[in-house]
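Subject: Model handover

Hi,

Here is the model we talked about.

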Amino acid sequence: MLEVENLRAGYGRVEVLRGVSLGLGPGQIVALLGANGVGKTTFNGVLSGLLKPWEGCVTFEGRALPPGDTGAALDAGLVLVPEGRHIFPSLTVHENLWLGGYRRGRAHRARNLDQVLETFPRLAERLTQRAGTMSGGEQQMLAIGRGLMAEPRLLILDEPSLGLSPLLVEEMFALIGRLNAEGLAILLVEQNVRLSLEVAHRGFVMENGAITASGRAQDLLADPDLQRSYLGV
Ligand SMILES: Nc1ncnc2c1ncn2[C@@H]1O[C@H](COP(=O)(O)OP(=O)(O)O)[C@@H](O)[C@H]1O
Ligand SMILES: [Mg+2]
């Protein structure tokens, strides 16, 4: 479904991604794992068209995505829920959700909203509340709900568990599993290696802008090197 080949990208003259290749099949959760600063968000930036790569290409459902074109990525159904949520704090929950369908999903906004509120009953209770007054967990739910309003074919979640309490982290990963069970493909970008691999089908480990390990999630979980570096075993 998604095929990324030999991606090189950076800022100014500083190279961040040093030839990254990654694939994701329909209906899969693929975890992209790595410590802070290795290039995960930069990778998402290229996928969603926010950043033009220096080299390499992204193919989505058989079509090459034009580089650096956020509209084309969104139209194709690549929807990014960015790191740090970036909701509009002074707008209401309803307004934030509605904006999620501004380009893609416009024709089905009302139906999509019903579906999102079914998935997130807590948002339904808070439709008229200003988004900035909600808890971190609720804001993350809102950010994901807003992404779903755009009718993703592939949902890219950039560190959805960041800054959440342990209980909410568990809830977040359960939600990711549920969304996937309904057929949604998900690229899960995370530092929480264990929980990500427990919910994902496959995983890729990024270090210093390059993929250093990849495979089936269960194999990665059992990998002694990975256990030593990331799982505290
Ligand atoms: N807008 C930017 N301009 C310059 N350097 C950046 C920018 N964004 C990120 N970087 C640098 O790129 C590297 C990778 O960052 P990032 O992709 O955010 O990593 P991660 O998401 O894995 O934490 C870091 O060294 C970071 O400082
Ligand atoms: Mg990041």
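Start at the ligand: a polar backbone atom of Gly 37 is 2.6 Å from an oxygen atom of ligand 1. That is a polar contact, meaning a pair of N or O atoms within 3.5 Å; within protein, one must be able to donate a hydrogen and the other to accept it, and residues adjacent in sequence count only if both atoms are side-chain atoms. Gly 39 brings a backbone N or O atom to 3.0 Å from a ligand 1 oxygen. Thr 41 uses its side chain: a polar atom there lies 2.8 Å from an oxygen atom of ligand 1. On its own, ligand 1 has 560 Å² of accessible area, and the protein covers 56% of that (Shrake-Rupley method, 1.4 Å probe).

Before you go on, note that this is a predicted model: local features need pLDDT of at least 70, side-chain atom pairs count only at pLDDT 80 or more, and totals for chains, interfaces and linings use all residues. Residues are numbered from 1 along each chain as its sequence is written, chains are lettered from A and ligands numbered from 1 in the order written, and side-chain values use heavy atoms, without hydrogens and water.

The shell around ligand 1 (residues with a heavy atom within 4 Å) includes Tyr 11, Val 16, Asn 36 and Lys 40. Helix α1 (residues 40–47) gives the largest share, 3 residues (helices are DSSP runs of H or I, at least four residues; strands are E, at least two). By type, the shell has 4 nonpolar, 5 polar and 1 charged.

Now the pockets. A pocket is an open set of points on a 1 Å grid over the protein atoms alone, with protein on both sides within 12 Å along at least five of seven lines; lining residues have an atom within 4 Å of a point. The largest pocket holds about 500 Å³ of space (the volume filled by probe spheres, 1.4 Å, set on the points). It has 22 lining residues, and Leu 74, Val 79, Leu 80, Pro 82 and Tyr 102 are the closest to its centre. The lining counts 13 nonpolar, 6 polar and 3 charged. Where does the largest pocket lie? Domain 1 (2–77 + 153–230) and domain 2 (87–144) both give residues to its lining, so it lies between them.

The second largest pocket has about 430 Å³ of space. Among its 17 lining residues, Gln 115, Leu 148, Leu 179, Glu 182 and Leu 184 are the closest to its centre. Helix α4 (residues 109–119) supplies the largest share, 6 residues.

Best wishes

Conventions
Nonpolar A, V, L, I, M, F, W, Y, C, P; charged D, E, K, R; others polar. Domains from an automatic or database assignment.
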